[in-house]
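Dear colleague,

I am handing over a structure that you have not worked with before, and I would be glad if you could look through it alongside the notes below.

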Amino acid sequence: MRILHVAAEIFPLVKTGGLADVVAALPVALAARGLDVRVLLPGMPAILNGVRDQKPLIRLGPAFGAAVITLQLGRLPDNGLLAYVIDAPFLYRRDGDPYLGPDGRDWNDNHRRYALLGWIAAHLAAGELDETWQPEVVHAHDWHAGLAPAYIAQNPALNTATVFTIHNLAFRGLFPLDHHTDLGLLISGADQSALEFYGHLSFMKSALVHAKRVNTVSPTYAHEICTPKHGWGLDGLLRDRGDHLSGILNGVDYSVWDPTRDPALPKGYSADKLRGKKVCKLKLQAEMGFAVRGKTPLFAVVSRLTSQKGMDLVLACLHELRTEGGQLVVIGSGEAEIEAGFRAAAAAHPHTVSVYLGYDEALAHRIIAAADVLLVPSRFEPCGLTQLYALRYGTLPLVRRVGGLADTVTDATPGNLKDGTANGFVFDDPSSRALATRLSEACALYRDHQSTWHQLQRRGMAQDFSWADSAARYEALYRSI
Ligand code: ADP
Ligand code: GLC
């Protein structure tokens, strides 16, 4: 079966979050099951430079404002999978964030930049761009690839199966309605309601209407988005999709996230030999200017610093964290106010709070390895990957019971400790008080019940969140259509 994955990000070339990790790992897991998988990517500089052995297939244009578009075929750097790259210099040759300009605002031609991605996918599906390979399934990820199902549906000669994965419904790909003239899609009558969302265009809505199957990245989030609370105005449409909407949990690429052979760590370790984890912790404490003490609970945040991620809650419980004798190390970037809050906290408490505002893959690995507890108090969380990374690194996740966090972390309640299912800490109410309470309880367990703590660590490290199961579910989904 021939599958084309369409996405704007792929680790390690272009990454703003978990989407990139998924797009790097899922196709490989599907290929390992014997599927014929390729990916389609926009030619951002890092992708043009990173995809190996690119050969031009066809030249197109003008289209979407670009005079010249060259579709190239090459191989992904780490795994050798075949990747189509759209080289459209006018639209894509821009460094930095794939969606934002240097001023931190969305590029004003994003509707054209990402419409082109979906449009090329549809023409590949039609067999017009590569006569040697035609996908049977086009699998599009997030709003950036959201027009692919519409362009495919618009071609009556095509019966390509389409799957659309929602990684985060909050980003609906909204644009002014009058931009539709740039997209080459019909927008009248019934077609209009498929694209129009309260006076805007929505690439996300278009995908939810046109894709044969829609899924999201955890079972709980699949239910949540059908409610007004988490549906971002699209819950009615999602409810209407009935059985054609499902939840498939993301996996972890354990070739990238493995504490026994992670090149970013000062010392590797395993569940049987946790000494290396202590070395990681002591080294990080020293580097951050903290007291170097194995017994001090070290908390970590590796996250976008946004209200989605509940980062305001973390800021609001810093006092309790410090009163408990804890230390906090943060890596991330995001909303200006939250960044400022963390910057101020680090300045006020340099020996207990350290903040790196920016993106650093290797430092993120070292922090997850060094910490005792990873905080993920999200208001909503489609899946979340860092809690899964933490589990493998013997770092107990402390999470809110929402989305994929609820599906992967089992609270250390007396009952769950007794029946051997607990692997972390969970709280319900999205308040700093609820977070602070669970945080204090985690500190107490850390201080007073070391052997229980070690049991939790070992359980998390032994859990298998690899892609094998989820890839089998995606394959079944493809076969069903
Ligand atoms: P989301 O995609 O919503 O941001 P996920 O938990 O799915 O959340 O994925 C986040 C990914 O981004 C993880 O791979 C995490 O390690 C990484 N990450 C987040 N912030 C940073 C940062 N500042 N530096 C390095 N990696 C980061
Ligand atoms: C999104 C979600 C996150 C998920 C990731 C990968 O960015 O916010 O929860 O893990 O996509 O699917």
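Please keep in mind as you read that this is a predicted model. I began with the surroundings of ligand 2, where a polar side-chain atom of N168 lies 3.5 Å from an oxygen atom of the ligand. N250 also has a polar side-chain atom facing an oxygen atom of ligand 2, here at a distance of 2.8 Å, while P382 takes part through a backbone N or O atom, which lies 3.5 Å from an oxygen atom of ligand 2. There are 14 residues around this ligand, and those that come nearest are H167, N250, E381, C383 and G384.

I then turned to the second largest pocket, whose volume is about 450 Å³. It is lined by 15 residues, of which K278, G294, D372, Y446 and H454 are the closest to its centre. Three helices, α10 (275-288), α18 (432-448) and α19 (450-462), each supply at least two residues of this lining, and the largest share, five residues, comes from α19.

H139 counts as buried because its relative accessibility is 0%. Its side chain is joined to that of Y478 by a polar contact of 2.7 Å, and, leaving aside residues up to four places away in sequence, H139 touches residues including I3, L4, H5, V163, N215 and Y474.

With kind regards

Technical notes: Residues numbered from 1 in each chain as written. Chains lettered and ligands numbered in written order. Predicted model: local features only at pLDDT ≥ 70, side-chain atom pairs only at ≥ 80, totals over all residues. Heavy atoms only, no water. 1 Å grid on protein atoms, 1.4 Å probe; cavity = no way out; pocket = protein on both sides within 12 Å on 5 of 7 lines; lining within 4 Å. Points joined across faces, edges and corners; volume = space filled by probe spheres on them. Helix = DSSP H or I, 4+ residues; strand = E, 2+ residues; numbered from the N terminus. Buried < 20%, exposed > 50% of the residue type's maximum accessible area, 1.4 Å probe, protein only. Polar contact = N/O pair within 3.5 Å; in protein donor to acceptor, adjacent residues only side chain to side chain. Contact = heavy atoms within 4.5 Å. Near = heavy atom within 4 Å.
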